[in-house]
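Here is a friendly note to read alongside the model. Please keep the structure open while you go through the points.

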Amino acid sequence: MSALTPPTDMPTPTTDKITQAAMETIYLCKFRVSMDGEWLCLRELDDISLTPDPEPTPEDPNYLMANERMNLMNMAKLSIKGLIESALNLGRTLDSDYAPLQQFFVVMEHCLKHGLKAKKTFLGQNKSFWGPLELVEKLVPEAGEITASVKDLPGLKTPMGRGRAWLRLALMQKKLSEYMKALINKKELLSEFYEPNALMMEEEGAIIAGLLVGLNVIDANFCMKGEDLDSQVGVIDFSMYLKDGNSTKGSEGDGQITAILDQKNYVEELNRHLNATVNNLQAKVDALEKSNTKLTEELAVANNRIITLQEEMERVKEESSYILESNRKVNKQDKTADGQALSEARKHLKEETQLRLDVEKELEMQISMRQEMELAMKMLEKDVCEKQDALVSLRQQLDDLRALKHELSFKLQSSDLGVKQKSELNSRLEEKTNQMATTIKQLEQSEKDLVKQAKTLNCAASKLIPKHH
């Protein structure tokens, strides 16, 4: 899990940017993900540091990137371990509706997108991990079959959708770990797509590739034709990895209270960030609606302009035909008497013809602009629908986290009562300890008196022995 990207105030009506913003909202800027056995734990970054000397600051980009890599690696460990255990317990072939498998692919998407360089396109900047995955077929010839199958799928229209399909086919082939290792070993090729401190360029990428070997024990089967991989919103469901005190044996005492407090703080922090994400997406949807209204108005103006140009072209045609007819009549009446008027008429005809050509060119330009505007409106409508679906999903997760927060609050109150009872027991033990210490002192004093008496008796015995002799 990486640092939370601050919400921007200038929304851009493009699918890739808004989807990217929705995906990046899962990261927390003030916490670090760690593992306590098989559960998700968090520590505040103010209490830990990546390197002891010099001490990094939270604003340092290298510090943030290193924290993001560690968080993503720990999330990958939890996801892979949970997927293997649940699949083995299930005892059957997994499909695309299996929740742990869906979360695994979401985590892998974030790992592959970490530190990815943005490429400029017609609609703005775009980040997609499909480019690096295409390189695998050059390194491992067996991967060429997967790449060809992905390109032949009719329902995939975006690089993001093709990358998701590639991951699923590689898992079905049970060679995802092999392909990832081959890709990570060629950092000179990855440098074209990733920043130097990205996860795929560092040691954490190799660790995740090694962990993927364990997925070879599970069987998966996906139907790509009916699945919409282009418009999925990749949000990690952290509730799957939070520790449940009713189903596991927790430690007693202060350790248990600390774990509950950490989870409570994490839920509250995630709740705040999800609220900020919902507000940000709502603002972007409003901006898209305004932009859609503006484009509709511009389209109406362009339509009016086209109609005006068509009317003007008709008028020019009528004038041209009238002039041609007049010239014909003049030629019939007197071909030689009015040669100068005929030349002027011809000159005027040429000017009108040129004007007609200019009007036709402008009409064609307006028609092409109208078609582009209609295409842009369709894309914006699709973006609005996708963002509304994302809002519904995020609000559902927000409700789930609120319920989990109430449950943890109740557990905290129960733990406080246990702490009070233990405090009273500690005070009684301290009183008994003090009494025993007093008794020990009295025994020590008695021992000293006995030693003195033994010395006195020894002296008296030594005096009596010589007298006896």
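Is the crossing of α6 and α7 right-handed or left-handed? Point 1 takes this up after a word on the model.

This is a predicted model, in which local features need pLDDT of at least 70 and side-chain atom pairs count only at pLDDT 80 or more, while totals for chains, interfaces and linings use all residues. Residues are numbered from 1 along each chain as its sequence is written, and side-chain values use heavy atoms, with hydrogens and water left out.

1. The crossing of α6 and α7 is right-handed (a crossing is right-handed if the near helix is turned clockwise from the far one by less than a right angle, and left-handed if anticlockwise). Helices here are DSSP runs of H or I with at least four residues, numbered from the N terminus. The axes of α6 (residues 144-152) and α7 come within 9 Å and cross at roughly 140 degrees; axes are lines fitted to C-alpha atoms over the stretch in contact, and angles run from 0 to 180 degrees between N-to-C directions. The two helices, α6 and α7, are therefore oblique to each other (under 35 degrees counts as roughly parallel, over 145 as roughly antiparallel, 65 to 115 as roughly perpendicular, and the rest as oblique).

2. Now look at α8 and α10, which pack at about 160 degrees with their axes 8 Å apart. That makes α8 roughly antiparallel to α10, and the crossing is left-handed.

3. How many aromatic pairs are there? The count comes to three, where rings of Phe, Tyr and Trp (its six-membered ring) pair if their centres lie within 6.5 Å, with planes under 30 degrees apart counted as stacked, over 60 as edge-to-face and the rest as tilted. One of them, F105 with F222, is edge-to-face, at 5.7 Å centre to centre and 65 degrees between the planes. F105 lies in helix α3 (residues 99-113) and F222 in the loop between α10 (203-211) and α11 (254-333), so this pair ties together parts 117 residues apart in sequence. Both F105 and F222 are buried (under 20% relative accessible area; exposed is over 50%, and partly exposed in between, with a 1.4 Å probe and protein chains only).

4. The rings of W166 and Y179 have centres 5.8 Å apart and planes at 50 degrees, so the pair is tilted. W166 lies in helix α7 (residues 159-173) and Y179 in helix α8 (residues 176-184), so parts 13 residues apart in sequence are tied together.
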